[in-house]
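The tour goes from one selection to the next.

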Amino acid sequence: MKYVIAIVQPDRVDEVLRRLNEKEIHLVTVTNVVGRGRQKGVAEVYRSHKEVGSLLKKVKLEIAVNESYVKPTIEAITEGGRTGQIGDGKIFVLDLLECIRIRTGETDGVAIG
Ligand SMILES: Nc1ncnc2c1ncn2[C@@H]1O[C@H](COP(=O)(O)OP(=O)(O)OP(=O)(O)O)[C@@H](O)[C@H]1O
Ligand SMILES: [Mg+2]
(Lines give C-alpha, C1' and ligand atoms only; values in the text may rest on other atoms or scores of the structure.)
(Ligands and ions follow the chains in the order given, each with its own letter.)
Protein backbone atom coordinates (compact mmCIF):
# COMPACT_ATOMS: atom_id res chain seq x y z
CA MET A 1 0.00 0.00 0.00
CA LYS A 2 1.09 3.57 -0.66
CA TYR A 3 0.03 6.91 0.75
CA VAL A 4 0.01 9.51 -2.00
CA ILE A 5 0.25 13.15 -0.95
CA ALA A 6 -0.19 15.76 -3.64
CA ILE A 7 0.04 19.54 -3.45
CA VAL A 8 -1.85 21.17 -6.31
CA GLN A 9 -3.10 24.57 -7.39
CA PRO A 10 -6.56 25.32 -5.97
CA ASP A 11 -7.96 25.93 -9.45
CA ARG A 12 -6.92 22.43 -10.58
CA VAL A 13 -8.59 20.46 -7.80
CA ASP A 14 -11.90 19.86 -9.59
CA GLU A 15 -10.11 18.53 -12.65
CA VAL A 16 -7.85 16.28 -10.56
CA LEU A 17 -10.87 14.86 -8.70
CA ARG A 18 -12.70 14.30 -11.98
CA ARG A 19 -9.77 12.34 -13.39
CA LEU A 20 -9.42 10.33 -10.19
CA ASN A 21 -13.13 9.44 -10.41
CA GLU A 22 -12.64 8.29 -13.99
CA LYS A 23 -10.09 5.80 -12.71
CA GLU A 24 -12.38 4.61 -9.90
CA ILE A 25 -10.36 6.40 -7.24
CA HIS A 26 -12.97 8.01 -4.98
CA LEU A 27 -11.60 8.08 -1.44
CA VAL A 28 -9.58 11.19 -0.72
CA THR A 29 -8.77 13.70 1.99
CA VAL A 30 -8.59 17.33 0.88
CA THR A 31 -7.05 20.14 2.90
CA ASN A 32 -6.50 23.81 2.15
CA VAL A 33 -2.86 24.59 2.89
CA VAL A 34 -0.24 27.26 2.31
CA GLY A 35 3.25 26.53 1.12
CA ARG A 36 6.20 27.57 -0.96
CA GLY A 37 8.26 25.88 -3.65
CA ARG A 38 11.67 26.71 -5.03
CA GLN A 39 10.61 30.19 -6.18
CA LYS A 40 9.95 30.81 -2.48
CA GLY A 41 6.49 32.08 -3.29
CA VAL A 42 7.79 35.18 -5.03
CA ALA A 43 7.55 34.62 -8.81
CA GLU A 44 4.21 32.90 -8.62
CA VAL A 45 2.09 35.60 -7.09
CA TYR A 46 0.20 36.21 -10.32
CA ARG A 47 -1.34 32.72 -10.09
CA SER A 48 -2.72 32.66 -6.61
CA HIS A 49 -3.41 34.99 -3.77
CA LYS A 50 -0.28 35.76 -1.81
CA GLU A 51 -0.28 35.10 1.91
CA VAL A 52 1.85 36.50 4.67
CA GLY A 53 5.51 35.43 4.52
CA SER A 54 5.58 34.42 0.85
CA LEU A 55 3.27 31.49 1.39
CA LEU A 56 0.81 30.68 -1.38
CA LYS A 57 -2.56 28.96 -1.12
CA LYS A 58 -2.44 25.36 -2.30
CA VAL A 59 -4.59 22.28 -1.85
CA LYS A 60 -3.29 19.04 -0.38
CA LEU A 61 -4.80 15.74 -1.51
CA GLU A 62 -4.11 12.56 0.44
CA ILE A 63 -5.00 9.19 -1.05
CA ALA A 64 -4.24 5.74 0.39
CA VAL A 65 -4.17 3.08 -2.31
CA ASN A 66 -3.34 -0.54 -3.04
CA GLU A 67 -0.28 -1.04 -5.21
CA SER A 68 -2.33 -1.47 -8.39
CA TYR A 69 -3.80 2.01 -7.98
CA VAL A 70 -0.53 3.88 -7.45
CA LYS A 71 0.16 4.51 -11.12
CA PRO A 72 -3.43 5.54 -12.03
CA THR A 73 -3.46 7.89 -9.04
CA ILE A 74 -0.24 9.58 -10.09
CA GLU A 75 -1.45 9.83 -13.69
CA ALA A 76 -4.76 11.41 -12.69
CA ILE A 77 -3.09 14.00 -10.49
CA THR A 78 -0.38 14.80 -13.01
CA GLU A 79 -2.77 15.11 -15.95
CA GLY A 80 -5.38 17.04 -13.99
CA GLY A 81 -2.94 19.31 -12.21
CA ARG A 82 -0.49 20.20 -14.95
CA THR A 83 -0.63 23.55 -16.70
CA GLY A 84 3.08 23.73 -17.47
CA GLN A 85 3.47 26.82 -15.30
CA ILE A 86 5.61 27.10 -12.21
CA GLY A 87 3.75 26.14 -9.06
CA ASP A 88 1.79 23.25 -10.59
CA GLY A 89 2.68 21.28 -7.49
CA LYS A 90 4.25 18.03 -6.43
CA ILE A 91 3.39 14.43 -5.59
CA PHE A 92 4.96 12.49 -2.73
CA VAL A 93 4.54 8.71 -2.51
CA LEU A 94 5.04 7.06 0.89
CA ASP A 95 4.98 3.41 1.90
CA LEU A 96 1.81 2.76 3.93
CA LEU A 97 2.17 0.19 6.69
CA GLU A 98 -1.38 -0.24 7.92
CA CYS A 99 -4.96 0.78 7.23
CA ILE A 100 -7.84 0.02 9.57
CA ARG A 101 -11.54 0.76 8.97
CA ILE A 102 -12.70 1.87 12.39
CA ARG A 103 -16.33 0.76 11.94
CA THR A 104 -15.58 -2.88 11.15
CA GLY A 105 -12.01 -3.50 12.20
CA GLU A 106 -11.18 -4.57 8.64
CA THR A 107 -7.57 -4.02 7.71
CA ASP A 108 -5.24 -3.22 4.84
CA GLY A 109 -6.36 -4.25 1.34
CA VAL A 110 -9.99 -4.67 2.41
CA ALA A 111 -10.15 -1.49 4.47
CA ILE A 112 -8.33 0.76 2.06
CA GLY A 113 -11.03 0.99 -0.60
N1 LIG B 1 10.26 19.70 -1.09
C2 LIG B 1 9.04 20.05 -0.67
N3 LIG B 1 8.66 19.77 0.60
C4 LIG B 1 7.42 20.12 1.04
N5 LIG B 1 6.52 20.74 0.30
C6 LIG B 1 6.86 21.03 -0.96
C7 LIG B 1 8.13 20.71 -1.51
N8 LIG B 1 8.15 21.14 -2.79
C9 LIG B 1 6.96 21.69 -3.04
N10 LIG B 1 6.18 21.64 -1.93
C11 LIG B 1 4.82 22.13 -1.81
O12 LIG B 1 4.25 22.14 -3.10
C13 LIG B 1 3.81 23.45 -3.44
C14 LIG B 1 4.01 23.67 -4.91
O15 LIG B 1 5.37 23.54 -5.20
P16 LIG B 1 5.90 23.98 -6.63
O17 LIG B 1 5.04 23.35 -7.66
O18 LIG B 1 6.04 25.46 -6.67
O19 LIG B 1 7.33 23.25 -6.63
P20 LIG B 1 8.66 23.72 -7.31
O21 LIG B 1 9.71 22.76 -6.91
O22 LIG B 1 8.88 25.16 -7.01
O23 LIG B 1 8.36 23.50 -8.87
P24 LIG B 1 8.08 24.61 -10.00
O25 LIG B 1 9.41 25.05 -10.48
O26 LIG B 1 7.30 23.88 -11.04
O27 LIG B 1 7.28 25.72 -9.39
C28 LIG B 1 4.62 24.36 -2.54
O29 LIG B 1 3.94 25.58 -2.33
C30 LIG B 1 4.71 23.53 -1.27
O31 LIG B 1 3.50 23.64 -0.56
MG1 LIG C 1 7.51 26.58 -7.55
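This is a predicted model: local features need pLDDT of at least 70, side-chain atom pairs count only at pLDDT 80 or more; totals for chains, interfaces and linings use all residues.

**Stop 1: the ligand and its shell.** Select ligand 1 and the residues around it. The shell holds 14 residues, and the closest are Arg36, Arg38, Gly87, Gly89 and Lys90. Colour the shell by residue class: six of its residues are charged, five polar and three nonpolar. Next, highlight strand β5, residues 89-95, which supplies three shell residues, the largest share.

**Stop 2: polar contacts.** Draw distances from the oxygen atoms of ligand 1. A polar backbone atom of Arg36 is 3.0 Å from one ligand oxygen. Gln39 uses its side chain instead, with a polar atom 3.0 Å from an oxygen atom of the ligand. At Gly35, a backbone N or O atom lies 3.4 Å from an oxygen atom of ligand 1. On its own, ligand 1 has 610 Å² of accessible area, and the protein covers 72% of this.

**Stop 3: two backbone angles.** Most residues other than glycine have a negative phi. Select Glu24, in the loop between α1 (13-22) and β2 (29-35). Its phi is positive, near 65 degrees. Is Glu24 buried or exposed? Glu24 counts as exposed because its relative accessibility is 54%, and the cut-off for exposed is over 50%.

Finish at Asp108, in helix α3 (residues 108-112). Phi of Asp108 is also positive, near 45 degrees. With 29% relative accessibility, Asp108 counts as partly exposed.

Technical notes: Residues are numbered from 1 along each chain as its sequence is written. Chains are lettered from A and ligands numbered from 1 in the order in which they are written. Side-chain values use heavy atoms; hydrogens and water are left out. A residue is near a molecule or strand if one of its heavy atoms lies within 4 Å of it. A polar contact is a pair of N or O atoms within 3.5 Å; within protein, one must be able to donate a hydrogen and the other to accept it, and residues adjacent in sequence count only if both atoms are side-chain atoms. Accessible areas come from the Shrake-Rupley method with a 1.4 Å probe; for residues, only the protein chains shown count as cover. Helices (H or I, at least four residues) and strands (E, at least two) are DSSP runs, numbered from the N terminus. Ala, Val, Leu, Ile, Met, Phe, Trp, Tyr, Cys and Pro count as nonpolar, Asp, Glu, Lys and Arg as charged, and the others, Gly among them, as polar. Buried means under 20% relative accessible area, exposed over 50%, partly exposed in between (1.4 Å probe, protein chains only).
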